[in-house]
Amino acid sequence: MAATASVERASALEPYDGVRPDAAWREEVLRLAERRNAVILAHNYQLPEIQDIAHHTGDSLALSRIAAESDADTIVFCGVHFMAETAKILSPDRTVLIPDERAGCSLADSITAEQLRAWKAEHPGAVVVSYVNTTAEVKAETDICCTSSNAVDVVRSIPADREVLFCPDQFLGAHVKRETGRENLHIWAGECHVHAGINGPELAEKAAANPDADLFIHPECGCATSALYLAGEGTVPQDKVKILSTGDMVKAARDTHARTVLVATEVGMLHQLRRAAPEIDFRAVNDRAACRYMKMITPAALLRALREGRDEVHVAPDVAERARGAVRRMIAIGQPGGGE
Ligand code: 13P
Ligand code: SF4
């Protein structure tokens, strides 16, 4: 069906459907974006056609920075809801659209503002570091946000004698604790259902079958600890195990001499990696690791967003005001993040 066909209404969590990503669709999306003076941002886990049409594709840190600096009237965030909310917190005067507001995140759902307030009450004086994969209400209770790309730098920026509450991802928290050697870091027991499902035995099996491969592992993965264990016991050479944010995976793909790379993260990542280094054989550690929320941003949903100005993202001004400091601290700390 061409881009001029009507966009079919989705029910329950069925994505909007009925539009093929053909040349007419691409032309229409770009024409409507120009008419709205809109910038289209896409996360590395988006469908390939969405990544390809976006003005910028990258990891959550890079996209937050691009959103903050953009002078477009409208930001169309092709990602999940907390990402679009973060853009709105940083740019309250701009219109922020997410093509399907039902695109949630199981990790962001693993802690509420009320739970965080109760945890803070148990640790008076602790510094709260929240992963960007949290709701605006949780960010409003946070001192510094972080992404997988700068979590270690963010925690290192906090005086060593201060207690730190790190939420909500337990695997990223374990990675930060390992890297910083910090004993006074308390970790919330949340997880992303997609990354938690990429497990150690699966990784060990794939690594044994591909002994010369590099291992690119997102720190949210259940297998991150196993990967370091494999390196520690010599099953995989230490320099082949790389714990990376999605943006840093793209940079590492350009730099590696390996001919095969095993990738432990959401499968949308493979598209950017293959674009960055077409000569490398990138293989998913778990090819069922697809985030259904990320995949709700379909060609039909993007067209609907640009035609109808939906779904508009709103964050209550008082919540945004309280969250803004933590998000600004996040974008000020650490390396640039990966995106272009
Ligand atoms: P990055 O910050 O590495 O882009 O990851 C975001 C995310 O949602 C991972 O599941
Ligand atoms: Fe959330 Fe996991 Fe999907 Fe990332 S992959 S958006 S953490 S549910």
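**Grounds for the terms**

Modeller: N37 lies in the loop between α1 (23-36) and β1 (38-43). Please bear in mind throughout that the model is predicted.

Biologist: Why are α1 and α14 called roughly parallel to each other?

Modeller: Two packed helices are described by the angle between their axes and the distance between the axes. The axes of α1 and α14 cross at roughly 30 degrees and come within 9 Å. Angles under 35 degrees count as roughly parallel, and α1 and α14 are therefore placed in that class. As to handedness, α1 passes α14 in a left-handed crossing.

Biologist: Which peptide bond is cis at P168, and where is P168 found?

Modeller: The cis bond joins C167 and P168, with omega about -5 degrees. P168 is found in the loop between β7 (164-167) and α8 (170-180).

Biologist: What is the omega of the peptide bond from R310 to D311?

Modeller: Omega is near -5 degrees there, and the bond from R310 to D311 is cis. D311 has its place in the loop between α14 (299-308) and α15.

Biologist: Which residues are around ligand 2?

Modeller: A residue is included if one of its heavy atoms lies within 4 Å of the ligand. The residues around ligand 2 are Y45, V80, C105, S106, L107, N133, C192, H193, H195, E220, C291 and M294.

Biologist: How does the shell around ligand 2 divide, and what is the space taken by ligand 2?

Modeller: The shell divides into 7 nonpolar, 4 polar and 1 charged residues. Glu counts as charged, and Tyr and Cys are among those that count as nonpolar. The space taken by ligand 2 is the largest cavity.

Notes: Residues numbered from 1 in each chain as written. Chains lettered and ligands numbered in written order. Predicted model: local features only at pLDDT ≥ 70, side-chain atom pairs only at ≥ 80, totals over all residues. Heavy atoms only, no water. 1 Å grid on protein atoms, 1.4 Å probe; cavity = no way out; pocket = protein on both sides within 12 Å on 5 of 7 lines; lining within 4 Å. Sits in = over half its atoms within 2 Å of the grid points. Helix = DSSP H or I, 4+ residues; strand = E, 2+ residues; numbered from the N terminus. Axes fitted to C-alpha atoms, helices over the stretch in contact; angles between N-to-C directions. Parallel < 35°, antiparallel > 145°, perpendicular 65-115°, else oblique. Left-handed = near helix turned anticlockwise from the far one by under 90°.
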